[in-house]
Each structure stands twice: as C-alpha cells, then as structure tokens.
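Here is a short briefing to keep beside the model as you look around. Please have the sequence and the structure open together.

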Amino acid sequence: MAAAHREEGSSVRKSGEGAAAVRLEHLTKEFEGSLAVDDLSLELAAGEFFALLGPSGCGKTTTLRMLGGFEKPTSGKIYLGGEDITWTPSYKRDINTVFQSYALFPHLNVFENVAFGLRRKNVDKSEIGRLVEEHLELLGLSGFGRRPSTQLSGGQQQRVALARALVNRPRVLLLDEPMGALDAKIRKTMQVELKRIQREVGITFLYVTHDQDEAMALGDRLAVMRAGRYEDLGAPQRVYDQPATQFVAEFLGACNLLPVTLDHGELRLPDGSLVVARPGTMESTPQLVAQVGVRPEKMSIHAEGDEVVSRSNRLVATVTTITYLGASSEYEFETAWGGHLHVVAQNIDDRHIRLGDRVTVTWGETHGFWLPAPSDVAEVTSADVIMDDEAP
Amino acid sequence: MTTIQARIAKEPGSLRRWVSRHSPPYWLSLVGVGWMVLFFLIPLISGLIVSLETGNPVKGYTLTWNWHIYSQIFVHSDIPYTTFFIRSLIYGGSATILCILIAYPMAYYIAFRVSPRWKNSLLLLVLISFFISFVIRTDMWAFVLADQGIVVTTLRHLHLVSANFHILGTAGAVIGGDVYNNLAFMVLPIYVALERIDVRILEAARDLYANSRQTFLKTVLPLSRAGIFAGVLLVFISTVGDPVNSALLGGANTYTIGQAIQDAYLNNQQFNVAAALSTMLMLMLGVIMFIYARIFGTENIENLV
Amino acid sequence: MDPALFRGLTQRRLPRRELLRSAGLGAGLLGFSALLGACGIAGSASREGSDVNWDSFWAQQRKTGVLNFANWPLYIDTEHGRSQSLALFTKATGIKVNYEAVIQNNEPFYATIEPQLAAGESTGYDLAVFTNGWNLTQLIDSNFLVELDHSKLPNFQRYASDLVRNPNYDPGNKHSVTWQTGFTGIAYNTKYIDREITSFDDLADPAFSGHVGMMNDNVELGCAALLHMGVNPEVSTPKDWQESTKWLKKQRRLVSGYYDQSYIQHLENGDTWITQAWSGDVFQANQSGYPHLKFVVPKEGQIVWHDNMVILRGAQNPVSALEWMNFYYTPKIAGIVENWVNYVCPVPEAQRYIMDVLKDPTVANSPLVFPSASIDAVSHGYYVYKDYDEYQQWNDTYNPIIES
C-alpha cells in the first residue's frame, strides 16, 4: 500500500509561507497491542480546512485526540507551528476542540460556556464580555447568553461549542464529527455556515468525519484513512476523480471496476476491447494495473440505433435493472464477460431503454483511472461506515 | 367526572386540551404530597399532639394542650436539653463536614482513577462494614479506641501523647463514630454524581486551558454538587439524631438529644417529653434542611433524580 | 483474637440494649405517635382484671404440650445450641419448649408486650423474665401477671434460698419466682489500683479521676448514692434521694462515663479502673482472661436484684409455665443452669450438685455464685415505687446526673 501514499499540497492557499500549521511525524498510537494510528505523517497548512475522512475504527479520531492532547502517542512527533508539542498537556496547547457530543458544561449558561477558556487565560473582564458577545453574534446566538446550556437544541448546542472554541482564536481548531448529532436539514445549513466562519476567522480546521459528502463539501483538502494510515490525500476533486486505491474510490462514491489485462503496453477488457485510462495517482508501472475504475455518472448510454458520439471507451452490455429516481435514473448492465456495470444518467430526454435491451456504454479517456489489484485488507462494510464512534 | 366526560364527548378535541391543562404537574405532585403527609406530616403532627398531652403511663395520657411542656423542657428543666440540641448539632455538623472531606477523594478515586472492573469491588469495600450490625461494629471501635486499646497504647509508646490521653469518651470519639458509620452514605451519592460526569466535559475543560486544579474546581466540583447535597442530607439527619455513637463511644459529657429522646421514651416512659423532644428535633432539622435547600438550590435535588 | 473482643460479643446477659434501641427508636417514635396519637394514650391501669379468682382460674387450666419462654440472651445453659435443662424438662413432662432469647432489656421488652397486655390479648409468651424494678411493679400493679399457684410449686418451698423468698417488690412471691440473682457492688482493676477498695468513697477518689465508671441505670446509680449516705434504699424517702445527689454531683467530674452493660468492657479495657459492677459479670471476666478484676462488697452494703420468672396474662400454657418453675427449683436443674450462667443461684443446694456431679469447683466454691448466708445482712433491695409519680420523682432526681 505504501505505493499509494502520495502527498499533494501545492494546490492549497497560503501553503507556501513558513512552517506548516500542524505537522505530524511518524505518529503511532497503540492500544493494547493493536495499532490505531500507524506511522502517520501529515502536514496542515495555515488557514486550510482539512478533512480527515474514514470509516469507523480507521484512527481518525485517535489522530485528532493526540493533536488535542487527550491521548499520548506511542511514538512520533507533533509540531504546532514548528514547535514540538508532543508532550505538552492539552491545556497548554493553542488548539481547541469541538467535541462530537459538544461536551458543553451543563452547569454553566451559554455565556459562561463561551467565556470558559478566556477566563482561564485571565483575559480582562470587559474584554471577555466583548469577545463572547461578538462570537455569539458570529454564530447567530445573540441573546442566548443567559440560557442554560442544557436547554438548547442540538444545532444551538453545536453553535455554542463552536463559539466556545473559536473565541480563543486557537491556531488550530479540531472538529470531531461535529455534525453527527444533527438532522440532515440542519447539517446542510451548518456546513455552509461552518465554511463561511472558517473563511472569516482564517483558522486552520481539522475536521474529522466519516461522511464523504461532508468531507468533500467542506475540505480544501482531504485524507482518506484506513487502518491507521491514509490511503490518499489531496483536493476533493482530485481524490474523487483519481483515487489512489480501490478502497478510496469506493469510499468516496459508487465506482465501476473493470478488470483489465496488459497486452503489449495496452489495457484490454476481458472481451478484448481496448481501454484508455489515466494513470491516476498510481506511481507504478502499468504492469501492476489490474483494474480500471469509472464513476457511474461519467458513463453515457446509447440505445441501439442512436448515434454514438466518438468517445475513447465503449462496450456493449445488456440492461438488467432500471431505477427511476426523477431527476436521474440508475441502470444496471451485464457485460459480455458477465461483469456488472452501474450507470447514473440524468433524465434529460425521453429515453427508450427497456430491460433486456442491448446498449452501448461509453466514457471519455480521462474518466477511467488505473487501480492496482484489489487490496487484501478486509473489506469495509457499509455498516462500519455508518457507525460514527471510533475505537477505542 | 361525569360532566367532564360529557363535555369531552361533545367536543372531540377537548380531551387532549383538558388533559394537558390538568394533568402532569398537578397529578404527579399528588404523589409527593401524599408521601410528605404520610411520612412527615402525620408523624410530626401526632408527635406534636402527644407532646401536648399530660398524664403517666399507668393512668394514661390525655390531651390537655399543655404547651407549657416546651418551656419546661427548654427553660425550667434540671436536664439541659438545650445543651443536648446544640451538642448534637455540633456533632452532626462536624461529622458531616469530615464525611465530605474523606468521602470525596474516595468517590473521586473510584469514579475516575480505577479501571472499571475494580469499581464494583471497591464500592463493595465501602459498604462492607454494613454486613455487620451497626451497633456491634460501633462497639468494636470502643475496643480499638479504649485506653488499653491498640490506638492509644501505640500513641503512648511513641510518646506522641501524654499518659492521660483518652480517645474513648470524648466528643472526638463520638464524631469519629458518626463519620465511620455514615461514610458510605456520603461516598455513594458523590460517586453516583461523579460517575455521571461525561469524561469529555473534563477533556473540554482541559482543552479550554484549565489545568488540573481548575478543571476540578470549575467542572468536577460543581457537577458533583448534587451528590454532596444528597450526602449532606443523609449524613446530617442521621448523625444529629443518633443515640448509638454517643452511648457507645461517648463519655460522661457527650450525652446527645438522640439519647435523651430514647431515655425519655423507653426508660422514663415520659411519652410527652419524648414527643416534645422529637418534635423539636424534626422541626429543627426541617428548618435547617429548608434553609440549606434554599441556599444550595432545588436544582441539586432535581439532578438527583 | 483479643479474648476481650470475643467475650464482648458473646458475653452472657450482655443485652445489646442499643441494638434494639437503635432499630426501635425511629420506628418507636413513629409508632407510638401514630398509633397512640390522636387523642390520648390509654394507661396500663385502665384495664380491669383485679377481681380474678385465681383459684378457679387454675382449676380451669389444663395441661398442654407446649411452653413459650422468653428470656434474655445467653441466660440458660447451652451446649451445641441445645439446652440440657430444657431437654430434661421435655423428657420428664412431654412439654416442648419454645425458648426465645428476645429480651434485650426490661424497658423495650415491656414496651413491646404492653399493647397486647393492655388489650387483653396473648403476647405469645407464657413465661418471661423481668428484673425487679419499675417495669415489674407496673406489670403487677396493672394486673398483667397471672398469680402463681404455690401448691404446684413444692420445689420452690423446699429449695429456694432465703434471698429470693418473699421479696419486697412481690410479697409472698405472689407473681414471681427468681431465675437468677445478682449483686451490685464495686469492681476494680488491680493492675491500676494497688490499694484495698472497701467503700463507695473509693468511687470518689480523685486519684482515679477520669477512670471511674458509673451505671447509666438510674436505679443502680441512686442506690449507690443512698448506700454511700448510709441509707437502705428499700426504706429511703424522696428527701434522702435529693440529699444523695450531692455526692453524685461532686463525684461526677471524676467519672469517665455512665455506662450500660458495656461497663465491664470498659473495666477490662482499662478505660475505667474502678466501677459500679454486677457480681456475675466480674465472675465471668475472672474466668475468661481477666483474673485481675476484683469484685468487692462495699462496707456500706451492696444491692441485690433479681431476674424473675413471671407468667404473662393471656398465656396459652400457664400450667406448662408453672411446671417449668417447679422443675427449675431443684438442685440438679438449677445446678446445670448455674454452672453455665454463673450469676447468683436461687437454689443453694445446687452447689453440691455442681461440686459432686458436674465437678466444677470454680463455680461451686465461688462466693459470687453461692454467697454465704451472711451476705443477706449486707445486701439491700431496690426501692419499690408506690406509683408512677414516685417513679418519676426518682427519675427527676437522678436523671440530671446522667443526662448532662
């Protein structure tokens, strides 16, 4: 898998200036014999919104907790702005956290929750009042100061948790699945707002989540973690379009995997047809290529008799399932060699494709990406992905 | 009830309105009121009535509204009942404070510093003395603390105390016994309160620049207030009225109100005096607890539920 | 294990009075308030029944096969959980004995059975053991006891010691015969006191300051003061009582505590060096690791008290009870019980039985178990209250000493 590790930081704003906001060097955490985080190295640029994505148990929360100072690494180093903070207690770190369940202080009202960190830092009283009010306003909580923190809705609690962390203007803000407890509708608005706030305050965000949509929507960059390491890291679009591994490809969305063989430097499908695909992020020689991945929405369907636009890749398949979804439809096909294809198509024109029809499926040359043979690491089931709690 | 049913029958939507207007707070409070009446008001009032009776156990007692008994007891008695009340309050108060100081670290240790599989064993250890009768284990202390007992002789051998040093028979022994016998009643509610604190709240405090001391003072302590509150109620009430520790561990000058009530009732058969003393004790504890609850807030009681 | 500790837990006639009290206090206060509460409390004297013809009562009674016997803890011979004396009784008479050691102290037991007695109901016990004192007087005055048919008690006539015949609290033994007797005198620890102790004055010796034990039983306390004053408590007057408190008040500052039955532990443990004491406790202490404790009869005299068997009104098996009383008053049975209980035996001839048959000279030869006949001359009984007011007057006189 090491071959898949490739960092890419050039596309990020401000990444050029000085030391990284956060640098993890060979960070390892062992819990009673099992590796939660396995030799992880990572850099966060100042002011970037970095999403750490992965299924339950992949080590993303452990990574965040080590950064926050709630877990001691077994080995490795953590730098904050160039300074080694590996062994600095959490209360001395210029890092704040928005906890998964918010962990508001139930005995304090909203104002005091937000003021907590400032009071510990002995900030001037009048200054505290000003800063707290300012942040309550920033998060749309004006007038909530005297409310007991226990009498807030989930969304309000999350805003308080955010205000409580942001008011301290930390160098890095850690967010541990902060949307986990919110319903879908509030989640959407909060995402937009979170992005806005992050741009406004310019603080580096490390956002841990198992929700790929959220990670892609929010992150300037994202890393997909599995078994204590990341398998791919980069801008969301790049990682989506050219994932490094089958795991990353499937974790970020649906993906057709076409088995290929190498024939005189060319890739061929089992039916003998030629496939053109991008090397993707694979740094290996084509000899190792075993599959080509194509996203379902990148494929086009052409009924018999339709004019087929000249595209690099094509194959003939039989329709086995059609699912009408209003804006789009999903199709399942069986290929000549018995494989299955999954295609999503926008319902733009009337289509006359019926079950059993033989159709031509095409896709562009940049839409396919090389993948190595399926990894032998245990498959991640969908149930794992849904769980939001992480080991330990 | 019939008119209500008739009205509900007439207006279909009115049932819900009627229920929501009348039900939860009022009906539910009846249980509490019933409890109070049954276990507090009835004993208090019947105690008060008995205290106002005159007579003797042979001829019987009749209600003569003898309010005079209270002035007899507190002003004109050869027996200094007022002193006993004050003494009992001091013993109970000191024992309660000592209980907090000892029980809190114990509960804290069990709640936060011990691996989960040891917690039950340690809690059992806190309760283990309850497997022996209250009186017998108090009596055991009388042996341990005796002048020739292990504690005093050791202290004497080490020349830490003079030859005349006693433990048994002193107020300290009585308070010590009170603490020993009631410690679990302080440990358990505090433990329950601490156990309920989400560890992430402590992490949040650390995250927000609170060092260990500040984390304790600003989060753990306030969040366990309900447990301390409950412990104080349990320990204070039980120690102020306790006759056993002062009888077994006390001496000539540690006579408490609990002993006075017991002796008046059982030995002297002065039912009216015993009733007057226990009525006063109940009232006094009631007033103290009321003030205490007002100061430390009813939310503590709510948090216990 | 410290033998004192062990003995403290197993000591005979060591009623853990507090045991019952602590449990009973809360319930008792609630109970008597709630039950007797609303409009007055019936007195024990209100019950009728003084006009019973006891001859015809006994004539009507038939023998039953059962006896319900309430006694104090550790107050009968016990071997592997069984009593030989009771077994012999069952063998001889066919009467099965339900023996229950339920009496922790006179007052709480009286309070337990009084409501049933007052209501004219059976308490469930035929035979109970009460110390002479206010509760026994109350039982007699309230007609709560069955008068004994002495024609069925030939052994009592034959074997009872003079000490237990015709006591001042129950003339003619009309309602009671003694189970055990005890003396109240002074005990001291020869480890700490190397001079002779002879008098109640020694309880007020400043040399023993902080190590003097007195009894919290106000009867014993008052009697000690009266004897010290040279007054026989049996014939004392309220004026004497008042006068005697002067000595008690003066002596109070030397007192380390006013103790219940635990006084003997305090003496054993060295908390007290000199104390008021019961003869039986000292005898037992001597046998179980405390030979240096010594019981003395003060030159002013000592107190003699009796624990008495009585038949409670409403008893289901009065004939069985009477039969047991008669059976007990033999050298053999009294000897078997005495050899275990070690208080003062009401049957002097049991001494020979213990010596010859049981072969236990320590008990047989002890003046504490079998006192010489001359002991009568220096032993005085408690004052017998004529009514509750006198009893209350006694309380009012002596309680302020203890309760302070």
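Two strands count as paired if DSSP finds at least two bridges between them. Helices (H or I, at least four residues) and strands (E, at least two) are DSSP runs, numbered from the N terminus. What you see is a predicted model, in which local features need pLDDT of at least 70 and side-chain atom pairs count only at pLDDT 80 or more, while totals for chains, interfaces and linings use all residues; side-chain values use heavy atoms, with hydrogens and water left out. Residues are numbered from 1 along each chain as its sequence is written, and chains are lettered from A and ligands numbered from 1 in the order in which they are written.

**Strands and a helix in chain A**

- Strand β18 (residues 328–335) of chain A pairs with strand β19 (residues 340–346) of chain A in the antiparallel sense, over 7 bridges.
- Within this pair, Phe333(A) has Leu341(A) in β19(A) as its bridge partner.
- The hairpin of β18(A) and β19(A) has 4 residues between the strands, and Gly338(A) in this hairpin takes a positive phi near 90 degrees.
- Elsewhere in chain A, 4 strands form an open sheet with antiparallel pairing, in the order β2-β1-β4-β5.
- The edges of that sheet are β2 (34–44) and β5 (83–84) of chain A; each has a single partner strand, so one side of each is left without a neighbour in the sheet.
- Strand β1 (residues 22–31) of chain A and strand β4 (residues 75–80) of chain A are joined by 5 bridges in the antiparallel sense, and Glu25(A) has Lys77(A) in β4(A) as its bridge partner.
- Helix α1 (residues 60–68) of chain A lies across β1, β2 and β4 of chain A, at about 115 degrees to β1(A). For such angles, axes are lines fitted to C-alpha atoms, for helices over the stretch in contact (heavy atoms within 4.5 Å); the angles run from 0 to 180 degrees between N-to-C directions.

**Salt bridges**

- A salt bridge here is a side-chain nitrogen of Lys or Arg within 4 Å of a carboxyl oxygen of Asp or Glu. By this rule there are 29 salt bridges over all chains.
- How exposed are the partners? Buried means under 20% relative accessible area, exposed over 50%, and partly exposed in between (1.4 Å probe, protein chains only).
- Arg65(A) forms a salt bridge with Glu71(A), with the closest N and O atoms 3.1 Å apart. Arg65(A) counts as buried at 18% relative accessibility, and Glu71(A) counts as buried at 16%.
- Glu297(A) forms a salt bridge with Lys298(A), the closest N and O atoms being 3.6 Å apart. Glu297(A) is partly exposed, at 38% relative accessible area.
- In chain C, Lys174(C) and Glu147(C) form a salt bridge with their closest N and O atoms 3.7 Å apart. Lys174(C) lies in the loop between α7 (154–159) and β5 (176–189) of chain C and Glu147(C) in the loop between α6 (134–141) and α7 of chain C, so the pair ties together parts that are 27 residues apart in sequence. Lys174(C) is partly exposed, at 41% relative accessibility.
- Arg159(A), Glu193(A), Arg196(A) and Glu200(A) are joined into one network by salt bridges that share partners.

**Chain B**

- The secondary structure of chain B comes to 16 helices and 2 strands.
- Of the 305 residues in chain B, 48% are buried.
- Chain B exposes about 15300 Å², with 70% of it supplied by carbon and sulfur atoms. Accessible areas come from the Shrake-Rupley method with a 1.4 Å probe; for residues, only the protein chains shown count as cover.
- Ile45(B) is found in helix α3 (residues 24–51) of chain B and is partly exposed, with a relative accessible area of 43%.

**Chain C**

- Chain C has 17 helices and 11 strands, and 61% of its 404 residues are buried.
- Gly120(C) lies in the loop between α5 (106–118) and β4 (127–131) of chain C and is partly exposed, at 46% relative accessible area.
- Gly120(C) and Gly314(C) are 194 residues apart along the chain, yet their C-alpha atoms are separated by 6.7 Å.
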